[in-house]
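Please view the sequence and the model together while reading.

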Amino acid sequence: MKTKQINETSKFLSYVLRHEPHAIGLQLDSEGWGNIDSLIAGAAKEGLILDLTLIQAVVSSSDKRRFSISDDGLRIRAVQGHSTPTVSLQHIEKAPPDFLYHGTATRFLESIHQQGLIAGARHYVHLSHDIPSAIAVGQRHGIPVVLKIEALRMHQQGFKFFQAENGVWLTEHVPLIFLHENQPYPP
Ligand code: HQG
């Protein structure tokens, strides 16, 4: 199976399973699960031909384990990153490590300096456990910059942290006082 086909299908799955299930008439339950046959049928109506083998290849090749398939093999979901209001995934609440990292782009810093980190369109602010992962996230938006977050101190002060099935850390908001700026990368 071609890498290009896998990548394009992965982007399509992210779009419908996280953001716009209605674009193909797909119903997701509150935990984000959608029926795979309905997904294939909905995509076909929009002219995109998918099959189970391709979907399974996307799920198993995802570097970030973005999707999971139910034990009975009938349903699929994105494990984090949602913006659609139909989904309200119950992530596992967990005490975070001392520090977590957030990769962003320099162009957002002025606003972040005013508001701290906000979830924007998504349900949560996404945090990485290490700096290289955060750099990769920030690079998607422009010149990357990594913010170091005093996660444990936040948690000790009552802020909730969750960890998605694929290890990505989530929280609702990071106030400015818990943020420290690292240098843009490359400097
Ligand atoms: C920024 C990808 C202005 C924030 C990634 C980010 C991740 C602010 C952008 C996951 C702000 C939102 C999520 C403020 C935060 N003012 N901008 N106050 N607070 N921002 O894409 O974290 O590959 O919604 O820094 O790897 O970049 O798709 O979030 O730059 O895990 O699986 O607003 O999505 O995963 O951008 O990425 P996004 P994100 P996948």
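Two strands are said to pair if DSSP finds at least two bridges between them. Strands (E, at least two residues) and helices (H or I, at least four) are DSSP runs, numbered from the N terminus. The model is predicted: local features need pLDDT of at least 70, side-chain atom pairs count only at pLDDT 80 or more, and totals for chains, interfaces and linings use all residues. Residues are numbered from 1 along each chain as its sequence is written, and side-chain values use heavy atoms, with hydrogens and water left out.

**Strand β5**

- β5 pairs with strand β8 (residues 144-149) in the antiparallel sense, over 6 bridges.
- Within this pairing, Y101 has K148 of β8 as its bridge partner.
- Strand β5 (residues 100-105) is largely enclosed by the rest of the structure, because 6 of its 6 residues are buried (under 20% relative accessible area, with exposed over 50% and partly exposed in between; 1.4 Å probe, protein chains only).
- L100, H102 and T104 lie on one side of β5 and Y101, G103 and A105 on the other, and both faces are covered.

**Residue R18**

- R18 belongs to helix α1 (residues 3-19).
- A polar atom of the R18 side chain lies 3.0 Å from the backbone oxygen of Q80.
- Leaving aside neighbours within four places in sequence, R18 is in contact (heavy atoms within 4.5 Å) with residues including R66, H82 and R122.

**Residue R65**

- R65 is located in the loop between α3 (52-61) and β2 (67-69).
- The phi of R65 is near 45 degrees, a positive value in a residue other than glycine.
- With a relative accessible area of 48%, R65 is partly exposed.

Conventions:
Polar contact = N/O pair within 3.5 Å; in protein donor to acceptor, adjacent residues only side chain to side chain.
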